[in-house]
Amino acid sequence: MGESASKLSIIIPVYRLSARVQDTIKALKRHLDIDKLDYEIIVVDDGSPDDTYEKALEAADKNVRVLHYRDNRGKGYALLHGFRHSSGDLVVFFDGDLDIPAQQVQLLIKALRNMDVDVAITSKWHKHSKIIATPMRKILSKFFNALVQISTGIRLSDTQTGAKIFKRKVLEETAPLLTIKRYAFDVELLVAVTAKGYKIAEIPSIRHIKLTGRFSFKEIVKMFVDLLAITYRHRVKKQYSRK
């Protein structure tokens, strides 16, 4: 079965997105239905204290399922929880706030179809991408990425943008190796993917990427601590390259 005929699973982690979750689901469905794709959308409410879960349920149908658990456990946990409940040959991880447009999913699918890769990730620093962000957000993003490259050795311009596609076998092999569930989950996942020898392509965003979220100093510190832990497991323990 080629990628163009494969079933697609889109995993969307959400937390306190009551005002936007329905718009995200509707936007994705609209574009996927136009292309007549075989797909499922799995929304994972990561213990939201508001009515995000209820709002997502209102948009559920035969192609949309909503999962929920009580405590907030982090984006990484939510994504893997959704993956374990998915059935697609291709799996998309997609942020729920629509800072990345829904049309990006089609571009990710085309990347796997036309390029000899196992994973395709959206990069806000691709030469053809355009972003909307404050100077400080840009500086923090580039600084963090430079540290990721130096510490882990992976040569990717961006690990954090929330639109990625994987062949299912990639996640089945790498997910059991992962430890991080929150701040640096994307870094650990891509380090594991690289260590296993899978090929990754970086693609531009089809439209402007909006960096609207804010990070507290505490969150920034935790990301760096997580990065140090990933580096140790990768460089010293060789955790991600084990058979």
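**Close-up views of a predicted model**

View 1. Nine of the 11 residues of helix α7 (residues 185–195) are buried, so the helix is largely enclosed by the rest of the structure; buried means under 20% relative accessible area, exposed over 50% and partly exposed in between, with a 1.4 Å probe and protein chains only. Among the buried residues of α7 are F185, V187, L189 and V193. After α7 comes G197, whose phi is positive, near 90°. Helices (H or I, at least four residues) and strands (E, at least two) are DSSP runs, numbered from the N terminus. This is a predicted model, in which local features need pLDDT of at least 70 and side-chain atom pairs count only at pLDDT 80 or more, while totals for chains, interfaces and linings use all residues. Residues are numbered from 1 along each chain as its sequence is written, and side-chain values use heavy atoms, with hydrogens and water left out.

View 2. Strands pair if DSSP finds at least two bridges between them. Strand β1 (residues 8–14) runs parallel to β4 and is joined to it by four bridges, with I10 opposite V92. On β7 (residues 163–167), which runs antiparallel to β4 and is joined to it by five bridges, K164 stands opposite F93.

**View 3. Residue I139 on helix α5.** I139 lies in helix α5 (residues 135–152), and this residue counts as exposed because its relative accessibility is 53%.
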